[in-house]
Amino acid sequence: MVLFKGVTKRYGDDANAFVALDGVDMAVGRGAITGIIGRSGAGKSTLIRLVNGLEKATAGEVVVDGTEVGGLTEAALRGLRREVGMIFQHFNLLSSRTAFDNIALPLEIAGLDRAAIKAKVGPLLDLVGLGDKAERYPSELSGGQKQRVGIARALATSPKLLLSDEATSALDPETTQSILALLKQINADLGLTVLLITHEMEVVKTIASHVAVIDRGRIVEQGRTFDIFTAPQHETTRILLSSTLGIGLPEWLRSGVKAEASAGDRILVRLTFFGATAFQPLTARLVTEIGGNVNILAGAIEEIAGEPFGTLVVAYPATPEVLARAARFYAETGLATEMLGYVA
Ligand SMILES: Nc1ncnc2c1ncn2[C@@H]1O[C@H](COP(=O)(O)OP(=O)(O)OP(=O)(O)O)[C@@H](O)[C@H]1O
């Protein structure tokens with residue numbers, strides 16, 4: 001649906017140019033929900049704004065549904081923007097217009113008459129759960145309701161692609177979940193492709209089937225969300241994910257981890273459960289097969305892009321006998337393990 005081919009974006013003139021994007025190659029699949037994550041200033045907004053022509057690439061191509069955006073005239077860009085809806089962190093509603101009239105705005109600009117607009121806006125209000133709020137002004141709506149108006153407005157011209165720029169970042173966790181559920185429903189029911197940027201890993205974990213990680217203007221990792229979140233390869237991805245998944249160790253534990261064992265120390269191991277191992281009762285077997293001296297020190301079971309994923313951090317005596325029993329158990333069960341160090 002969207003292709004970035006060798007996209008570079010420089011801001012400023014040649015002498016003091018700032019490279020915001022540096023040779024980005026990326027594909028956004030049709031019908032998928034794709035998340036772009038990265039630190040502040042990594043280039044997320046720049047990347048998304050290239051898709052609807054709010055920014056122009058300095059080099060390379062951005063192709064949306066077969067059309068290269070950089071080569072479009074202003075008139076053609078207006079046409080493209082009917083095909084590409086956008087929602088924003090601060091909703092960007094017009095305060096002087098009711099919910100109905102905010103949603104109607106793109107249709108007025110497209111030249112539809114009042115009857116056609118009414119026929120379109122009513123069902124959109126129902127779709128986003130605001131059938132009874134048509135005549136309310138933005139100041140009379142909650143943050144979540146404002147974003148629902150924003151979503152309905154973005155859908156008014158029946159776009160094929162929805163861009164989301166930190167759409168839930170100003171919302172509380174519960175409202176965030178309801179907006180994400182709505183986006184998921186729209187994606188499934190309307191077959192709408194969604195490209196979202198966020199600094200909230202939870203958002204990607206909850207709704208994005210695919211994810212790209214951007215670091216200083218370069219895509220350092222991209223693929224299925226489950227694969228990237230369960231086995232991050234790049235340091236930036238690990239840092240971004242460390243507070244979201246059971247990947248990071250709790251501070252009380254981290255401060256006591258040693259690289260070398262002293263006499264009597266226990267080995268610290270992280271076990272990861274997913275795929276076939278996610279559904280097997282392996283914890284009880286772990287204790288019986290390794291021996292009674294296994295301590296469970298940290299752990300979490302999560303859902304990533306709809307699939308279960310669990311981590312368990314355990315410690316047991318680092319004696320040759322116990323280590324051999326553990327190695328046999330891991331080989332038999334196919335459990336993914338990572339040696340983290342030693343603890344007293
Ligand atoms: N119009 C501009 N002129 C000059 N530099 C810019 C401009 N827009 C963005 N930049 C710079 O480009 C870099 C990438 O900015 P961008 O807004 O794309 O990052 P971001 O990942 O979306 O950040 P954040 O999460 O903080 O919004 C930043 O260092 C920013 O200062």
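**Ground rules.** I number residues from 1 along each chain as its sequence is written. The model is predicted, so I take local features at pLDDT of at least 70 and side-chain atom pairs at pLDDT 80 or more, while totals for chains, interfaces and linings use all residues.

**Domains.** I looked up the domain assignment of the protein chain first. It gives domain 1 (2-242) and domain 2 (251-343); such bounds come from an automatic or database domain assignment. I find 40 Å between the two domain centres, taken over C-alpha atoms. Seven residues of domain 1 are in contact with six residues of domain 2 (contact: C-beta atoms, placed from the backbone, within 7 Å). On the domain 1 side, helix 8 (residues 225-230) gives the most, with four residues. Helices (H or I, at least four residues) and strands (E, at least two) are DSSP runs, numbered from the N terminus. I sorted that side by class: three nonpolar, three polar and one charged residues. Nonpolar here means Ala, Val, Leu, Ile, Met, Phe, Trp, Tyr, Cys and Pro; charged means Asp, Glu, Lys and Arg; the others, Gly among them, are polar.

**Ligand shell.** I count 13 residues around the ligand, and Tyr11, Ser40, Lys44, Ser45 and Thr46 come nearest (near: C-beta atom, placed from the backbone, within 6 Å). Strand 2 (18-28) and helix 1 (44-51) each give two or more residues. Helix 1 has the largest share, three residues. By class, the shell holds four nonpolar, eight polar and one charged.

**Core.** The largest nonpolar core has 84 residues. Such a core is a set of buried Ala, Val, Leu, Ile, Met, Phe, Trp, Tyr and Cys residues joined through C-beta atoms within 7 Å. Buried means 20 or more other C-beta atoms within 10 Å of the residue's own, with C-beta atoms placed from the backbone. Val51, Ile103 and Val314 are among the residues that touch the most other members. Strand 13 (residues 307-317) gives the most, six residues. I then checked Ile103. Beyond four places in sequence, its contacts are Val121, Leu124, Leu125, Val149, Ala152, Arg153 and Ala156.

**Strands.** Strand 1 (residues 2-11) pairs antiparallel with strand 4 (residues 59-64) over five bridges; pairing needs at least two DSSP bridges. Thr8 has Ala59 as its bridge partner in strand 4. Strand 1 also pairs antiparallel with strand 2, over seven bridges. There, Val7 is bridged to Val24. The hairpin of strands 1 and 2 has six residues between the strands, and Gly12 takes a positive phi near 90°.

Terms used
Contact = placed C-beta atoms within 7 Å. Buried ≥ 20, exposed ≤ 12 C-beta atoms within 10 Å, placed from the backbone.
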